There are 2 protein chains.
Amino acid sequence: MDLKKYLKEKKEIIDKALERYLPMEQDNFGIITKAMRYSLFAGGKRVRPILCIAGAEAVGGTGDQVLPVACALELIHTYSLIHDDLPAIDNDDYRRGVPTSHKVFGEAIAILAGDALLTEAFKLMSCPELRKGTSSGRLLEVINIVSHAAGYHGMVRGQVADVLSEDKEVHTDTIEYIHMHKTGALITTSVVSGAILSGRPKAEIASLKSYGQRVGLAFQIADDLLDVEGQSHIMGKGTGSDLKSKKATYVAVIGLNGSREMAKHLISLALDAISSFDQRADPLRAIAHYIIERKY
Amino acid sequence: MDLKKYLKEKKEIIDKALERYLPMEQDNFGIITKAMRYSLFAGGKRVRPILCIAGAEAVGGTGDQVLPVACALELIHTYSLIHDDLPAIDNDDYRRGVPTSHKVFGEAIAILAGDALLTEAFKLMSCPELRKGTSSGRLLEVINIVSHAAGYHGMVRGQVADVLSEDKEVHTDTIEYIHMHKTGALITTSVVSGAILSGRPKAEIASLKSYGQRVGLAFQIADDLLDVEGQSHIMGKGTGSDLKSKKATYVAVIGLNGSREMAKHLISLALDAISSFDQRADPLRAIAHYIIERKY
């Protein structure tokens with residue numbers, strides 16, 4: 001399959017939907033919408049929404065069916081980036097080549113824009129548009145697993161572990177803990193929620209969960225590798241920044257080669273997990289390969 | 001009716017439920033749970049959960065039926081306080097007589113504890129316990145109106161307006177805008193969501209919405225009044241702090257007497273809105289009176 005074309009098509013569908021769900025506003029206090037949109041349209045690759053759609057398609061569902069949930073996942077991801085970049089947390093001035101939210105809008109609005117994006121994600125996941133085509137019970141299940149993955153047993157906990165590990169000697173198990181929570185939980189849930197909305201049996205959901213966990217971890221290792229190897233002008237931020245700030249990364253603990261091998265191994269495990277799926281899972285397979293081959 | 005007894009009983013039920021929904025944890029990164037619990041159990045009056053329960057009771061429902069949603073509303077309220085208190089926003093060191101979250105746990109953990117409480121609220125509203133007793137469609141409707149009220153068209157927008165109005169000359173309409181969004185939206189939704197979960201016809205919901213809007217605004221005016229009149233040792237924070245920081249308040253614009261009259265007027269309008277309800281709405285009536293009579 002032509003993955004490049006697939007990713008481009010899906011990204012366009014998602015960008016259009018995000019534009020529709022979060023339109024510009026003319027209001028005295030529309031600065032909040034401006035800040036939300038600034039980060040939402042700052043060049044994200046839409047990995048989570050695409051995984052949600054590909055997860056749905058892999059089990060016979062359609063992208064249309066899951067579009068609001070797919071977009072909600074991108075809202076949650078974007079909120080987490082805005083808050084992570086804050087001076088009190090990672091203190092990053094640039095992301096994807098442009099100034100971070102708090103550099104443009106100030107810290108107060110950046111905090112509130114993150115809060116608003118997170119809240120809006122749940123409004124999207126409960127919107128009447130979705131309720132028309134999907135059973136309410138399934139939607140509630142998805143809201144439940146997404147909030148679990150994003151919350152203090154998932155993404156937030158990973159961020160806490162990351163913050164507490166900074167400037168400390170960390171071991172592989174802590175790094176795995178951080179990555180599994182900070183990035184892995186939401187990526188796994190993206191794949192799974194697409195499939196749940198399409199009403200699939202539990203065995204298939206479990207396979208997709210395994211796929212998501214492995215791909216999620218590989219994705220983060222690839223990110224760590226890119227931070228060291230990537231070219232600054234492609235990545236849009238100073239490379240090597242993780243090492244400089246003594247961030248807990250795989251590269252720092254098991255080295256470049258070890259990290260590359262580990263990412264490759266995880267991808268082959270991810271492919272194993274969905275080996276019984278038919279060709280409708282080809283996008284998931286192609287995405288797994290792409291994750292360790294991408295250059296930005 | 002004996003309101004004091006009613007409030008005490010409901011508060012105990014809510015506190016017990018919150019304890020059950022957010023228990024202590026023994027984990028390396030359990031600091032996040034500690035921070036969430038610190039603010040959640042820092043002496044809140046549980047106004048929003050009690051209004052949710054009273055709203056359900058007023059239309060023949062029960063508190064048990066709505067308990068997770070009632071608690072979710074308190075989680076959302078608590079998150080908003082933690083983020084509002086941050087140095088970048090209101091920069092408050094004390095609330096209810098104890099140091100604010102960022103003074104105890106640092107800014108990074110305070111931001112993340114707020115994020116986690118907000119996220120957990122949606123996990124509670126979609127939890128299996130609720131799904132057993134209530135139709136999924138109604139739950140989704142409640143998630144939708146709560147996220148609307150808490151988000152960038154509701155509470156967050158009120159906070160943005162508040163931030164942008166600081167140190168500026170403001171008029172009554174801006175103050176009403178701030179209060180209706182920052183406090184009013186979530187209070188209104190608290191009353192309404194209890195009734196929706198109890199499956200009532202739209203006419204009754206509309207009456208409860210009017211009640212909530214008026215009570216919500218009166219509640220905030222009463223808060224502004226207490227900030228000026230209240231005794232520091234009862235309020236647990238330095239009184240007059242709003243005036244000192246040039247916060248937009250009713251008292252600053254229409255004075256003490258004007259504000260008192262306005263709060264009273266709003267309460268009588270709130271009572272009018274539910275005049276056709278039977279004695280099961282007595283708690284809502286008593287709460288309305290209490291709001292302008294309370295001393296802290």
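Me: Before we start, what makes a helix crossing left-handed or right-handed?
Reply: A crossing is left-handed if the near helix is turned anticlockwise from the far one by less than a right angle, and right-handed if clockwise. This is a predicted model: local features need pLDDT of at least 70, side-chain atom pairs count only at pLDDT 80 or more, and totals for chains, interfaces and linings use all residues. Residues are numbered from 1 along each chain as its sequence is written, and chains are lettered from A and ligands numbered from 1 in the order in which they are written.

Me: OK. Which way does H6(A) pass H6(B)?
Reply: The crossing is right-handed. Helices here (H or I, at least four residues) are DSSP runs, numbered from the N terminus.

Me: At what angle do they cross?
Reply: Roughly 15 degrees, with the axes coming within 10 Å. Axes are lines fitted to C-alpha atoms over the stretch in contact, and angles run from 0 to 180 degrees between N-to-C directions. So H6(A) is roughly parallel to H6(B) (angles under 35 degrees).

Me: Which residues of H6(A) touch H6(B)?
Reply: Ile111(A), Asp115(A), Leu118(A), Thr119(A) and Phe122(A). Contact means C-beta atoms, placed from the backbone, within 7 Å.

Me: Switching to the whole interface. How many residues are in contact?
Reply: 42 of chain A with 42 of chain B. H6(A) gives the largest share of chain A's side, 12 residues.

Me: And how is chain A laid on chain B?
Reply: By a turn of 180 degrees and a shift of 0.0 Å along the axis, with an RMSD of 0.0 Å.

Conventions. Two residues are in contact if their C-beta atoms, placed from the backbone, lie within 7 Å. Helices (H or I, at least four residues) and strands (E, at least two) are DSSP runs, numbered from the N terminus. Copies are superposed by least squares on the C-alpha atoms of residues with pLDDT of at least 70 in both. Angles under 35 degrees count as roughly parallel, over 145 as roughly antiparallel, 65 to 115 as roughly perpendicular and the rest as oblique.
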